Amino acid sequence: MKTRTLSQDLYKQLEEYIDSTEANEAALIEVLHEAQHLFGYLPMEVQLFIGDKLNIPASKVFGVVSFYSYFTTEPKGKYVINICTGTACFVRNANAIVKEFENTLNIKTGETTGNGMYTIDCLRCVGACGLAPVVMVNDDVYGKVTVDDVQKIIAKYTE
Amino acid sequence: MDRIENLDCLLNKQKELEHTMDIRKANHDNTEYRELLICGGTGCVSSQSLKLLENLNQEIKNHGLENSARASITGCFGFCEKGPIVKVFPEDVFYVGAGAFVCGEETALIHSIEGGRGEPTTKPPFPAESGLWGKPTSVNNVETFANVPAIIINGASWYNKFGSHTSKGTKVFALAGKINNVGLVEVPMGITLREIIYDIGGGIKDGKKLKAVQTGGPSGGCITADQLDVEIDYESLYSIGSMMGSGGMIVIDEDNCIVDIAKFYLEFTVEESCGKCTPCRVGNKRLYEMLTKITEGKGTEEDLETMRNLAETIKLTSLCGLGQTAPNPVLSTMKYFYDEYLAHVRDKKCPAGVCQALLKYHISEDKCLAVCPTAALAEVNNVPTVWDAINDEKKFVVVQTVPAVRVALGEEFGMEPRTVVTGKMVAALRSIGFDKVFDTDFAADLTIMEEASPTTTETLKSLKKELLESIPRTGLRQSESPMRIQ
C-alpha cells in the first residue's frame, strides 16, 4: 500500500469525522466532501484511506469521485476562479471572459498557475443569471463582468 | 383521515396543517424537538394505533418531555400490513450531492443519496414502488412541493382558477439572456411569450431584434419570434418542440448564432452524460462533433441529414430523460432555423458573425495606408506599367486627373498659389503620350447637381441621353479642357 504523504493530523480529523457517521457506503459522498474540505483535493492515498475506513472497494470510491464534477483529484490553486458558462452567461459572452482570464494568467481552463495561486475553472450556472456573466473567485461573486474587469478582479487577489 | 365533506371540514384541516407547519418552525429553533407521527389509517387503527397514541402521550408526560416531543395522528403511510406505524419527524437527515446534471433524474438522484454514482436505472420499478433503500419514494421538484400547501389551504378550485385549459396554476420562469429585466417571474400558465418578454421582461436589450427564446434548459428547444403569441403551457411547448423543463427562459437576439447555441447545449450534455447507455454516451458525442465541424465551416448538407437521423435515434433509444431530450436543442433549431444551418454548410457563412472560422476579413488598402503608424504598407510605383501602356501602339491610354491637381501642379512648378493650370496640365499629359485626358470634375459636377435637387435627375437623364448619342464609338467624350455643365 502506498505510504501516506499528507498531514497525519488531517487524516486523524478525517477519521474522527468518519467515526461520527454511520461509516458505511451511504456515507461515502459526505465523507468525500469532508475529505476534500480538509485536504483541498482527493488524491489516491486519501481515496484508499476512505475505502478502507468505510469497508468498500477503492474502485467504488474512485467511481464516485470521478463521476461528480465537484470532486477533484488534483490540487487546486489558492484562488479558484470559476467562470459561469451556463446558458444565460453564455449568451452574454462568457467565453470572452474565459479567454481573457486564460490570456492574462497564461494557463488554460482546468489548469493551475505555476505558483499555485490561481486555478481557472468553468462551471454551469451558479444561479445568478440576473448578473450574467458571473465570475466566482472562491466564495466571492462578481456579476456583469466585462473583459476589462478581468485585470481588476485578478489584482484583488494578488499578494 | 377525515373525509372533507364541507367547508368546515376543510377549515379544520387547514388548522391542523398550520399546526404541522408550526412544528417545522419550532424545530428550526429547537433541534431536539421530535414529533411522533402515528398512522391513523384504517389498517393501523385496526392494529390499535389509537391506543398507541394514547400510551405514547402518557409516556411523554411521565418523562416530562412535553417541551421536546409530542405524538399526533396522521393519514395512511401505505404500509398497512405492517401497522401500527410510527414515524419520528424530523429525522434530521440532510443529504448532499456533488454536482451532476443527471441527478435531476429521479433514479439517479436516489443512487446519489445512497452514496453511489448518480446513474439512472430503468423504470419500472418506479420510485413510488421501490426507491430510496428499496422503499417507496416520492421524488418531486421543489416548485411542485411548494405548491402543495397553497393548494391544500386554499382548495383545488382556487388553484384551478389560474392557468390554461390543460395546465393549471402558475409557473416560475427564470428569465435571462438578452433581455432588459432579468430574474424569476411567476406567471399563470397560458400567458403568452410576448407578455413575458415585452411586458414583464421590458423587451430586448439594446433594442436588438429577438431571434428565439430557449426554454427548458439543455433538454428543451427554441421558440421563434413568430411564436410569440403561443399560450405557454406544458402541452403547447411540447407541441412546438420545446418543453417547460427547468423553467429557464433564455432570450437570444440577432447577435447569437443558432448553430453555436445548439453546440453549446450539446457540449453540456456530452459532459454530463453518465455514460451508461450507448445512444447518449456515443450518439451525443457524434452530434457534438458534427456541430463543431459545421461551425468550423467544414460541414456539408449531407451532415445535416445525418444529424437529424442521429438525433431522432438518440431521442428514441436513450435510457433516461437526459439522453431522450439531449437532441432537442439540435432538432428544434434545425426545424426553425434551417436557413442558418444552410448558410453555414452551403455558403460557408455565419449570419450572426459568431463562428470565427467563417468570418471573412477584407483589407481596404486606402484605409490601411491612411492610418498605418509604422508605414508597413507603402504605395506601389506603377510608373513603369504606365510607360509600357503608352509605348504599346495597340493600347488607347486615358489618364484621369483629380480636380485638385489643376492648382497643385502649378504650385509645384513655382507659380503663384491658386494659379489654375488646367490647360498646361492637359497639354503636358498629351505630350507624354496619353491618348485622352478624363477630368474627374465632370463626374463630380454631376453628383453635386443631383444631390442638390432631385428634380435635376430628370434633366440629367436627358443630358445623359444627349451625351451618349454625341459620343463617338471609341469611348467617352474626352475633353482637353474640362467640360463644365452649369
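How many bridges join strand β3 of chain A to β4(A)? Three do, and the two strands run antiparallel. The views below come from a predicted model.

**View 1. An open sheet of four strands in chain A.** The strand order is β2-β1-β3-β4, and the pairing is mixed. Strands β2 (118-123) and β4 (140-142) of chain A form the edges, each pairing on one side only. Between neighbouring strands of this sheet the average turn is 20°, direction ignored.

**View 2. Strands β3 and β4 of chain A, joined by bridges.** Strand β3 covers residues 135-137. Here A:Val135 stands opposite A:Tyr142, a residue of β4(A). Strands of a sheet pair through backbone hydrogen bonds, either parallel or antiparallel.

**View 3. Helix α6 of chain A packs on the sheet.** The helix spans residues 94-105. It touches β1 (79-84), β2 and β3 of chain A. The direction of helix α6 makes about 155° with that of β1(A).

**View 4. A nonpolar surface patch on chain B.** B:Val45, B:Leu50 and B:Ile73 make this patch of about 220 Å². B:Leu50 lies in helix α3 (residues 49-62) of chain B. Its relative accessible area is 45%, so B:Leu50 counts as partly exposed.

**View 5. Chain B, the setting of the patch.** Chain B has 20 helices and ten strands. Of its 486 residues, 37% count as buried. The chain exposes about 28800 Å², with 55% of that supplied by carbon and sulfur atoms. Among contacts in chain B between residues at least 6 apart in sequence, 59% link residues at least 24 apart.

Methods
Residues numbered from 1 in each chain as written. Chains lettered and ligands numbered in written order. Predicted model: local features only at pLDDT ≥ 70, side-chain atom pairs only at ≥ 80, totals over all residues. Heavy atoms only, no water. Pairing = 2+ DSSP bridges. Axes fitted to C-alpha atoms, helices over the stretch in contact; angles between N-to-C directions. Contact = heavy atoms within 4.5 Å. Patch = residues over 30% accessible without salt bridge, like charges linked within 9 Å, V, L, I, M, F, W, Y side chains within 5 Å. Areas by Shrake-Rupley, 256 points an atom, 1.4 Å probe, with all protein chains shown as cover. Salt bridge = Lys/Arg side-chain N within 4 Å of Asp/Glu carboxyl O. Buried < 20%, exposed > 50% of the residue type's maximum accessible area, 1.4 Å probe, protein only.
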